[in-house]
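Thank you all for coming this morning.

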Amino acid sequence: MSRPSQDWRGWRVAITGMNAKPENPGPGAAVARCLREAPGYRGRLVGLGYEALDAGLYQRQRIDSGYLLPYPSSGAAVLLDRLDEILAEEPLDAILPCLDAELPNFIHVQAELAQRGVRLLLPDREQLQARDKDRLPALGEAAQVTTPRVRQLTDPRFFDALDEADGWRWPLVVKGVFYDAYVVHGPEEARLRFGQLAAQWGYPVLVQPFVAGEEVNLCALGDGQGGLVGAVMMRKLALTEKGKAWSGVVIDDPELLAAAGRLMAALRWRGPFELEMLRGRDGVLHLVEINPRFPAWVYLSHGAGRNLPAALLELLAGSAAGSLVFPPPRPGVSFIRYAEEVIVDMGEIMRLSASGALTHATTRQAGTTTHH
Amino acid sequence: MLITPELQRRLCDLSLQADGHAFDVRTGRGYSLNATAVESLRVLQQGGDSDAVVGMLVCRCNQHPVVVQAGVLHWLQQLEGCLA
């Protein structure tokens, strides 16, 4: 068996998170774009999706083939079986998971995948749990980062009579365990959102006090030793109905960077992450969420000269975190997201649905790509 | 008006373009400055204080120092509020 290549620029890399709903796209297509546009990258990109209509799987200019995975609820063993089927079709050098719900399974099978020559840069289970939404106040206290209190709910009657003496007052924020958050202003609205979140993501539903302010986000890599690699900071300029960034601008906020450093030192995080913070009207930075993967706006990192998915592959290839060279942050570089149709033959959709696999016949040569 | 060290730091966070657009690299907010404000901000970013701004504008605009001083004070308070 030949020695695995340490030149990440030729690697075959699988990326999940290929769904691309306009109001809440997965990060996978943006991660693929970062790698495809990374200088010197000439490898093969494989999309891994959960639905036949995950648009990223059909983006021929970036993805060479696509496969469907079993839903995370099927468990780690089923995931490994499916990955073995995919590996029998095409060997992979690395996998970049991009969705929160699938991470526990990928963490579980990381060692087995390593034995198969597939690299991942992931936190361990304890680190993943330490940044769970309901545990953020404890993490914030350890890292000296202000964090709104969190309460787990299984009963919506909480909203009928708020305990104002205990500091609960309208408006509030109700959140799902994995995704989605809504600002609610009264009991009726709160009950409605509670029901929606419970139906989609299960229990518990989380509730927090609402903090008025501007959202500022930071995306980077954790080196697993408590250090931060390649931070890109962003302020949202325009939002979708779900509060996702439709447009954003790179900023250079020393206080945000320092808070991220303290959180990484406390977590000793390994892999990509996104910090969601709010700068309140009092000027205080509040930690809202730590997402354990690249965000959907990660292509901005390439635009800012700090291609984080490429940096992740460099780390997987054995480069020391301290050896990675990043240009200074470029405040003012902005992104504006747009929705674009991918024209697909119905036969491709049916093939993917039936067989779980799709290959784009594409020849890539230096500087040119030909689709068949 | 005293330019505090914190305000001085924040003034230097403004990336100023020749067309009067100023981008706050820390917050991501953008501002439009007229020509007088552009010249005044450059004085402050180079380490000058409010008296230096007043002196520059008195010469340039041929206005009474008291008038200029009142205008500069108002503008600095506005600037401080934007950068807070």
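This is a predicted model: local features need pLDDT of at least 70, side-chain atom pairs count only at pLDDT 80 or more; totals for chains, interfaces and linings use all residues.

Six strands of chain A form an open sheet in the order β13-β12-β9-β10-β11-β14, and their pairing is antiparallel. At the edges stand β13 (285-291) and β14 (334-336) of chain A, each with a single partner strand, so one side of each is left without a neighbour in the sheet. If we ignore direction, neighbouring strands of this sheet are turned by 25° against each other on average. For those new to the topic, strands of a sheet pair through backbone hydrogen bonds, and they do this either parallel or antiparallel. As an example, strand β11 of chain A, residues 245-251, runs antiparallel to β14(A) and is joined to β14(A) by three bridges, and G248(A) stands opposite F335(A) in β14(A).

There is another sheet in chain A, an open one of five strands in the order β4-β1-β2-β3-β15, and its pairing is mixed. Its edge strands are β4 (94-96) and β15 (357-359) of chain A, each of which pairs on one side only. In which sense do strand β1 and β4(A) pair? Strand β1 of chain A, residues 12-15, pairs with β4(A) in the parallel sense, over three bridges, and I15(A) is found opposite L96(A) in β4(A). Helix α2 of chain A, residues 76-89, packs on this sheet and touches β2 (44-49), β3 (65-68) and β4 of chain A, with a direction that makes about 155° with that of β3(A). Helix α11 of chain A, residues 346-355, packs on the sheet too, touching β3 and β15 of chain A, and its direction makes about 140° with that of β15(A).

Let me return to α10(A), residues 308-316, whose axis comes within 7 Å of the axis of helix α1 of chain A, residues 28-36, the two crossing at roughly 70°. On the α1(A) side the contact is made by V31(A), C34(A) and L35(A), and on the α10(A) side by P309(A), A310(A) and L313(A). Sorted by class, this contact has six nonpolar residues, with no polar and no charged ones.

Over all chains the structure holds 27 salt bridges. One of them joins the side chains of R116(A) and D84(A), at 2.6 Å from N to O; R116(A) is in the loop between α4 (110-115) and α5 (125-130) of chain A, while D84(A) is in helix α2 of chain A, 32 residues apart. Between chain A and chain B the count is one salt bridge, and R29(B) and E214(A) meet in a salt bridge through their side chains, at 3.2 Å from N to O. Here 12 residues of chain A are in contact with six residues of chain B, and the area buried between the two chains is about 670 Å², of which carbon and sulfur atoms give 53%.

Methods: Residues are numbered from 1 along each chain as its sequence is written. Chains are lettered from A and ligands numbered from 1 in the order in which they are written. Side-chain values use heavy atoms; hydrogens and water are left out. Axes are lines fitted to C-alpha atoms, for helices over the stretch in contact, and angles run from 0 to 180 degrees between N-to-C directions. Helices (H or I, at least four residues) and strands (E, at least two) are DSSP runs, numbered from the N terminus. Contact means heavy atoms within 4.5 Å. Ala, Val, Leu, Ile, Met, Phe, Trp, Tyr, Cys and Pro count as nonpolar, Asp, Glu, Lys and Arg as charged, and the others, Gly among them, as polar. Two strands pair if DSSP finds at least two bridges between them. Buried area is the accessible area (1.4 Å probe) that two parts lose on being put together, summed over both. A salt bridge is a side-chain nitrogen of Lys or Arg within 4 Å of a carboxyl oxygen of Asp or Glu.
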